[in-house]
Amino acid sequence: MSLAEELERLSGENGAKKELNGWRLSSSAPELGVQRARLVSKDGKTLLNNIQIPERFRQAYKWRYCRNWFHLIIECNWRSICILFLLGFIVSWTIFALIYYVISKLKTVKKDESCIANVDTFISAFLFSMESQHTIGYGLRYMTDLCPPAYLTLCVQCVVGVFLQTILAGIVIAKILRPKKRRQEMRFSRMAVIGPLDEHDKRPTLMIRLADIQEKLFLAESHVRLYMACSKINSRGDRELIGVKDMNVGYDSGWDRVLLLWPIIVRHVINEDSPLYGMSRDNIAKADFELIMTVEGIVEATGMTFQARTSFLPDEILWGYKFKPMVLMNEKLSKYEVHYSLFDQTERVCDFDAQTIETEETEDDHHHNASGFL
């Protein structure tokens, strides 16, 4: 399968459906019909199923579900939030209207006097409850001092009304400030590439392109991580996850803290400390691993932290390629221009062969060309 066909398949409707459930047919081994399952989808969703949870864990989960109700509500969509708002107010109005109506009917007072003036039906009690909770003001309906249960109920409703409005307002504010939309503005290249570090240093390097397409809301303290999740067939014939290895993208020298003012290329030099060390093109195509990349940052406008994720399977790694430059100088305008049409574009490195090339690494090269970003 060519690169163009692969990109079209990943971006098409059928490809999107495959990404949702995590399964896709490996194009690197069509004769074997290898099915690879993702831990993380291309858009960052975790694709794990929890089955046969013990009852004691289920009980703990239920209590944890109740304790974290505020955060769980924030995760709901806006339609659910609006319905919650509507139901919250209507239910509170109705409950207190019912109490006022019962008090007005059961409480006996002097002739021509009542606990709540002009409240003789449930509808009038409902209107009185709504006016009281939101301090709209009274017209014909008003509270008298003849029935202590009535004005005690009014005091309770005032407290409950303020508490309810505070909670609902807090949910809306927290929902608006969530950096979920900001996370969706991070873009990862659909394919990773393995090629030379640069035109002078031929060390094999894994490269992934990353961009922040938001032009006005910049990020602070953004940094990247790269992991390799490996699996194997155990003695019972089941495929199991055997561990996650950290892949150096420059955290030892500070290069993992990236500057996302323009698209960058995150690099991982394949040396003796790399999990990919010793692998060839054929080994990588047949290997059972998944590369998981995360980028974290702080939204300057709100100060909230977010994390964006993606993953790459072995057949989404191109051997002997490099990304085409996309930040180019416009000599007429004397400005740099970012050509996003080149974001996923790669070019072949004809003379790249990691198995035969040997380069001498100097101390200066190690300092400037360690794993990091371009």
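Reader: What is the expected span of a helix?
Author: The expected span is counted over one less than the number of residues in the helix.

Reader: How far apart are the end C-alpha atoms of helix 5, and what span should its residues give?
Author: This is a predicted model. Helix 5 covers residues 78–106, which is 29 residues. At 1.5 Å a residue these should span 42 Å, and the distance between the end C-alpha atoms agrees, because it is also 42 Å.

Reader: Which elements cover the buried residues of helix 5?
Author: The buried residues of helix 5 include Phe 89, Trp 93, Phe 96 and Tyr 100. Ser 92 and Ser 104 are buried in helix 5 as well. Their cover includes helix 4 (69–74), strand 3 (116–117), helix 6 (122–133), strand 4 (142–143) and helix 7 (148–177).

Reader: Which elements cover the buried residues of helix 7?
Author: Buried positions in helix 7 include Gln 157, Gly 161, Leu 164 and Lys 175. What covers the buried residues of this helix includes helix 4, helix 5, helix 6 and strand 4.

Reader: Which residues does the UniProt annotation "transmembrane region" cover?
Author: Over residues 81–103 the model is 100% helix, with end C-alpha atoms 33 Å apart. Residues 150–177 are also 100% helix, and there the end C-alpha atoms are 40 Å apart. The annotation comes from an unreviewed UniProt entry, and it covers residues 81–103 and 150–177.

Reader: Which strands are the edge strands of the open sheet of four strands?
Author: The strand order is 9-8-11-12, with antiparallel pairing. An edge strand pairs on one side only, and this holds for strand 9 (239–247) and strand 12 (305–312).

Reader: What is the bridge partner of Leu 226 in strand 11?
Author: Strand 8 (residues 219–233) and strand 11 (residues 289–299) pair in the antiparallel sense over 10 bridges. In strand 11, the partner of Leu 226 is Met 293.

Reader: What percentage of the residues in the chain is buried?
Author: The chain has 10 helices and 17 strands. Its accessible surface is about 22800 Å², with 57% belonging to carbon and sulfur atoms. A residue counts as buried under 20% relative accessible area. Of the 374 residues in the chain, the buried share is 38%.

Definitions and conventions
Residues are numbered from 1 along each chain as its sequence is written. This is a predicted model: local features need pLDDT of at least 70, side-chain atom pairs count only at pLDDT 80 or more; totals for chains, interfaces and linings use all residues. Side-chain values use heavy atoms; hydrogens and water are left out. Helices (H or I, at least four residues) and strands (E, at least two) are DSSP runs, numbered from the N terminus. Buried means under 20% relative accessible area, exposed over 50%, partly exposed in between (1.4 Å probe, protein chains only). Contact means heavy atoms within 4.5 Å. Two strands pair if DSSP finds at least two bridges between them. Accessible areas come from the Shrake-Rupley method with a 1.4 Å probe; for residues, only the protein chains shown count as cover. UniProt positions are given in the numbering used here, feature names are shortened, and annotations may be inferred rather than shown by experiment.
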